[in-house]
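Here is a report on one structure. Please look over the sequence and the fold before reading on.

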Amino acid sequence: MAKIFAIGVGPGDPELLTRKAERILRSVPVICAPTAVQGDASYALSIVEPFLDRSQQEIIVQVFPMRRDQVGLGEFWEEAAAEVAEKVREGKDVAFITIGDPFLYSTFLYIYRIFRDKYPDIPVEVVPGISSINAAAVAAGVPLGMASERIAIIPAAFEEKDLARTLQEFDTVILMKVSRVFDAVFALLQELGLERNGVYVSRVGSSEEEVVFDLASLVGKKLDYLSLLIVKK
Ligand SMILES: C[S@@+](CC[C@H](N)C(=O)[O-])C[C@H]1O[C@@H](n2cnc3c(N)ncnc32)[C@H](O)[C@@H]1O
């Protein structure tokens with residue numbers, strides 16, 4: 001039976017795909033790629049473009065809008081899952097590509113849940129990828145954890161007091177999806193005397209990669225969604 005592959009394509013550099021991911025992407029007849037906005041290019045697709053043959057492979061860009069409250073998003077996920085299921089039922093293997101690793105805050109996880117509930121007969125194989133966290137730490141030259149150091153990974157949807165506690169309790173804190181709340185986070189870092197302990201990394205692995213240690217210089221700016229902050233004591 002045909003199956004679904006959830007492929008982690010890494011953070012931006014095509015050379016950061018695993019050999020397994022590349023092999024599967026070169027061989028499947030259908031590739032599904034997510035985008036947040038109808039008509040916008042898929043970042044994940046741009047990463048794997050060098051491995052695809054558009055004359056032989058069908059490429060479907062699916063819309064997964066991003067909203068913090070997630071109200072009304074279920075229908076987009078259901079629709080995307082149904083489209084994938086239809087291809088599999090036609091006997092075609094489908095690769096669903098996702099930035100970084102599929103099991104870390106990825107778009108794929110929404111349809112993975114639907115698959116397990118609604119299409120339990122369709123096999124799903126997940127291929128791990130290098131997450132943006134790993135690549136950002138290396139780009140910034142900031143090791144994530146040594147010896148007994150404790151690491152926290154949090155999405156930016158947080159209560160300020162929870163974040164203050166996390167920053168106090170952990171040696172390394174990674175803030176994903178930080179772009180929209182950066183100014184508030186910076187103010188809190190200042191309060192805790194940690195404003196010089198952070199590094200902001202955007203579009204890691206791509207030609208637009210940025211690594212910024214002077215966090216004050218980012219205040220008031222519109223920041224890229226594909227960015228994260230590492231705070232290391
Ligand atoms: C929906 S999550 C996806 C995480 C992804 N599955 C991973 O393993 O890295 C999106 C968040 O991941 C981070 N991210 C993804 N790609 C990135 C990149 N190339 N550079 C910096 N941060 C990135 C950002 O914090 C972004 O807001």
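In β9, Val 201 has Val 211 as its bridge partner. Strands here are DSSP E runs of at least two residues, helices are H or I runs of at least four, and both are numbered from the N terminus. Two strands pair if DSSP finds at least two bridges between them. β8 and strand β9 (residues 210-212) run antiparallel, joined by 3 bridges. β8 also pairs with β10 in the antiparallel sense, over 5 bridges.

β8 is mostly covered, with 5 of its 5 residues buried. A residue is buried if 20 or more other C-beta atoms lie within 10 Å of its own, exposed if 12 or fewer, and partly exposed in between; the C-beta atoms are placed from the backbone. Gly 198, Tyr 200 and Ser 202 point one way from β8, Val 199 and Val 201 point the other way, and all are buried. In a regular strand the side chains alternate between the two faces of the sheet.

## Basis of the model

This is a predicted model: local features need pLDDT of at least 70, side-chain atom pairs count only at pLDDT 80 or more, and totals for chains, interfaces and linings use all residues. Residues are numbered from 1 along each chain as its sequence is written.

## Strand β10

β10 is mostly covered too: 6 of its 6 residues are buried. Ser 227, Leu 229 and Val 231 lie on one side. Leu 228, Ile 230 and Lys 232 lie on the other. β10 also runs antiparallel to strand β7 (residues 172-176), with 4 bridges between them. There, Thr 172 stands opposite Lys 232.

Which residues of α5 are buried? They are Ser 132, Ile 133, Ala 135, Ala 136 and Ala 137. Their cover includes β6, β7, β8 and β10. Gly 141 follows α5 and has a positive phi, near 70 degrees.

Leu 144 sits in the loop between α5 and β6. Leu 144 counts as partly exposed because 17 other C-beta atoms lie within 10 Å. Neighbours within four places in sequence aside, Leu 144 is in contact with Ala 137, Ile 151 and Thr 172. Contact means that the C-beta atoms of two residues, placed from the backbone, lie within 7 Å. Ala 147 is in the loop between α5 and β6 (151-155). Ala 147 is exposed, because it has 5 C-beta neighbours inside 10 Å.

Most residues other than glycine have a negative phi. Ala 147 has a positive phi, near 50 degrees. Tyr 105 also has a positive phi, of about 45 degrees, although it is not a glycine. Tyr 105 lies in the loop between β4 and α4. Tyr 105 counts as partly exposed because it has 16 C-beta neighbours inside 10 Å.

## Two domains

The domain assignment gives domain 1 (4-127) and domain 2 (132-232). Such bounds come from an automatic or database domain assignment. The C-alpha centres of the two domains lie 27 Å apart. Their contact takes 9 residues from domain 1 and 10 residues from domain 2. The domain 1 side has 4 nonpolar, 3 polar and 2 charged residues. Ala, Val, Leu, Ile, Met, Phe, Trp, Tyr, Cys and Pro count as nonpolar, Asp, Glu, Lys and Arg as charged, and the others, Gly among them, as polar.

## Nonpolar cores

The largest nonpolar core has 34 residues; Ile 7, Ala 95 and Phe 96 touch the most other members. A nonpolar core is a set of buried Ala, Val, Leu, Ile, Met, Phe, Trp, Tyr and Cys residues joined through C-beta atoms within 7 Å. Elements giving two or more residues to this core include β1 (4-8), α3 (74-89) and β4 (94-98). Apart from it lies another core, of 26 residues, among them Met 176, Leu 189, Val 204 and Leu 228.

## Around the ligand

How many residues surround the ligand? There are 23, and the closest are Pro 11, Gly 100, Ser 131, Ser 132 and Met 176. The shell has 11 nonpolar, 9 polar and 3 charged residues. Domain 1 and domain 2 each give at least three residues to the shell. α5 (132-140), β8 (198-202) and β10 (227-232) each supply at least two.

How values were computed: A residue is near a molecule or strand if its C-beta atom, placed from the backbone, lies within 6 Å of it.
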